[in-house]
Amino acid sequence: MKMILVAGARPNFMKIAPLMSEAMKYPAIQPLLLHTGQHYDPEMSDIFFEQLGIPKPDIFLGVGSGSHAEQTARVMLQFEKVCLTEKPDVVLVVGDVNSTLACALVASKMNIKVAHVEAGLRSRDRTMPEEINRLVTDSISDFLFTPSEDADVNLSQEGIPKEKIHFVGNVMIDTLLKFRSRAQETNKIKLTRSDYILVTLHRPSNVDDKSAFENILLILDEIAKTIPILFTCHPRTKKQIELFELQQYFNFLDTTNEAVLDIKQTINAFGPLPYLEFLNLMGNARAVLTDSGGIQEETTILGVPCLTLRENTERPVTISQGTNQLVGVNRDCILKAMQKIMSGQWKGGGQPKYWDGQASTRIIDILMKHYAH
Ligand code: UD1
């Protein structure tokens, strides 16, 4: 079985790592790792390969940034050539980024089987680019590997035949469980304060509009009067801070040298951080405030309170069984939740079914069984 495994953006790397390592165990599988180059800065890409032990990609497309149409089209044009040359039996895509959609679309039109890992998640918010990517990818995939039972229900409701849907669990958690203790040992980031709230923001709806972004910063500024905030910066967020001239809200810190970071009673900004350093900061935080999808899942397993600064989530199991709560960008709602967290009254997290470190084993096993006859 010749299989191309596709990775393009930062959250893909944690998902592709265990799948690649599992696929490499079978002599009957010829795995080819393809990196589209959607994320290209060393701190958004190379460092993740290094820390997670992902082999060097066999194929690199180097598509870079652009508008949605530009980026998707560039991946499609390049990936079609790869499929013509390599003639894979299966193309495996993960998550919901533009690279996921682009490669699934190309493979499907060339009658190559598509396996989608993290299928069936729905926010029901079509203003999110990821929701469009999820809907289209799932509708053309042949193997739909779901992380939670709600995803199976979503796919069935959309008319996807049962035999295509496989509930296997969460591959991102495979990586978290494997690296959790190693992350605890990393002490590259030293802080002058051990009590903090960790914040990540990068969704266009939160950072691409000046008043929306500033509204969040004002709320964070209020929280920081009680407990310092560590704000790890995605490149998109960094760009928007400069564009909107919002620097006055931040104490910028440099993590490139080994010095101890002088945390002030304000919003302390740095990063983006490597996987292990971020996991360590997340595990030790009083709470995490985020608009990321994956972080809602990781905090659930770490048992750390998570406030999601969005109106909806495609990962409802993190609310029903985990430590997550949707708070939107409403000041009162966020401050009320913060009070509850600070007084130690937050709900404890559980472990959703099959978030047990074995999801990638189940996936490769299903693909092997299918192709064995
Ligand atoms: C993408 C995904 C999003 C995911 C996020 C995680 C889509 C539609 N979005 O969003 O689902 O949550 O990755 O990080 O696929 N940039 C750099 N260096 C890089 C990469 C990007 O500076 O290595 C900057 C560029 O200015 C670029 C901007 O960040 O224009 C946005 O990058 P892009 O890949 O378009 O989307 P993300 O916001 O990263």
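Predicted model: local features only at pLDDT ≥ 70, side-chain atom pairs only at ≥ 80, totals over all residues.
Biologist: Where should I start with helix H3, and what span should its 19 residues have?

Modeller: Start with the length. At 1.5 Å a residue, the 19 residues of H3, residues 68–86, should span 27 Å. The C-alpha atoms at its ends are 26 Å apart, which agrees.

Biologist: Which residues of H3 are buried?

Modeller: Buried means under 20% relative accessible area. In H3 that holds for Gln71, Thr72, Val75, Phe79, Val82 and Cys83. Seen down the axis of H3, these buried residues fall within an arc of 95°, so they line one face of the helix. On the other side of H3, the exposed residues are Ala69, Leu77, Lys81, Leu84 and Thr85.

Biologist: What covers the buried residues of H3?

Modeller: The cover includes strands S1 (2–7), S2 (30–35), S3 (59–60) and S4 (90–94), along with helix H4 (98–109). Just after H3, lysine 87 has a positive phi of about 45°.

Biologist: How are two packed helices described?

Modeller: They are described by the angle between their axes and the distance between the axes. Take H7 (residues 171–185) and H12 (residues 294–302): they pack at an angle of about 45°, and their axes are 10 Å apart. H7 and H12 are therefore oblique to each other. The crossing of H7 past H12 is right-handed.

Biologist: Which residues of H7 and H12 meet?

Modeller: From H7 there are Met172, Ile173, Leu176, Leu177 and Arg180; they meet Gly294, Glu297, Glu298, Ile301 and Leu302 in H12.

Biologist: At what angle do the axes of H11 and H12 cross?

Modeller: The axis of H11 (residues 275–283) comes within 10 Å of that of H12, and the two cross at roughly 55°. H11 and H12 are therefore oblique to each other, and H11 passes H12 in a right-handed crossing. H11 makes this contact with Tyr275, Phe278, Leu279, Met282 and Gly283, and H12 with Ile295, Glu298, Thr299 and Leu302.

Biologist: Is the peptide bond from glycine 271 to proline 272 cis or trans?

Modeller: That bond is cis, with omega near 10°. Proline 272 lies in the loop between strand S11 (267–270) and H11.

Biologist: What is phi of arginine 124, and what is phi of glutamate 245?

Modeller: Phi of arginine 124 is near 60°, a positive value in a residue other than glycine. Arginine 124 sits in the loop between strand S5 (113–117) and helix H5 (129–140), and it counts as exposed at 57% relative accessibility. For glutamate 245, phi is near 55°, also positive. Glutamate 245 belongs to the loop between helix H10 (235–243) and strand S10 (250–252), and it is exposed, with a relative accessible area of 59%.

Terms used. Residues numbered from 1 in each chain as written. Heavy atoms only, no water. Helix = DSSP H or I, 4+ residues; strand = E, 2+ residues; numbered from the N terminus. Expected span 1.5 Å × (residues − 1). Buried < 20%, exposed > 50% of the residue type's maximum accessible area, 1.4 Å probe, protein only. Arc of directions from axis to C-beta. Contact = heavy atoms within 4.5 Å. Axes fitted to C-alpha atoms, helices over the stretch in contact; angles between N-to-C directions. Parallel < 35°, antiparallel > 145°, perpendicular 65-115°, else oblique. Left-handed = near helix turned anticlockwise from the far one by under 90°.
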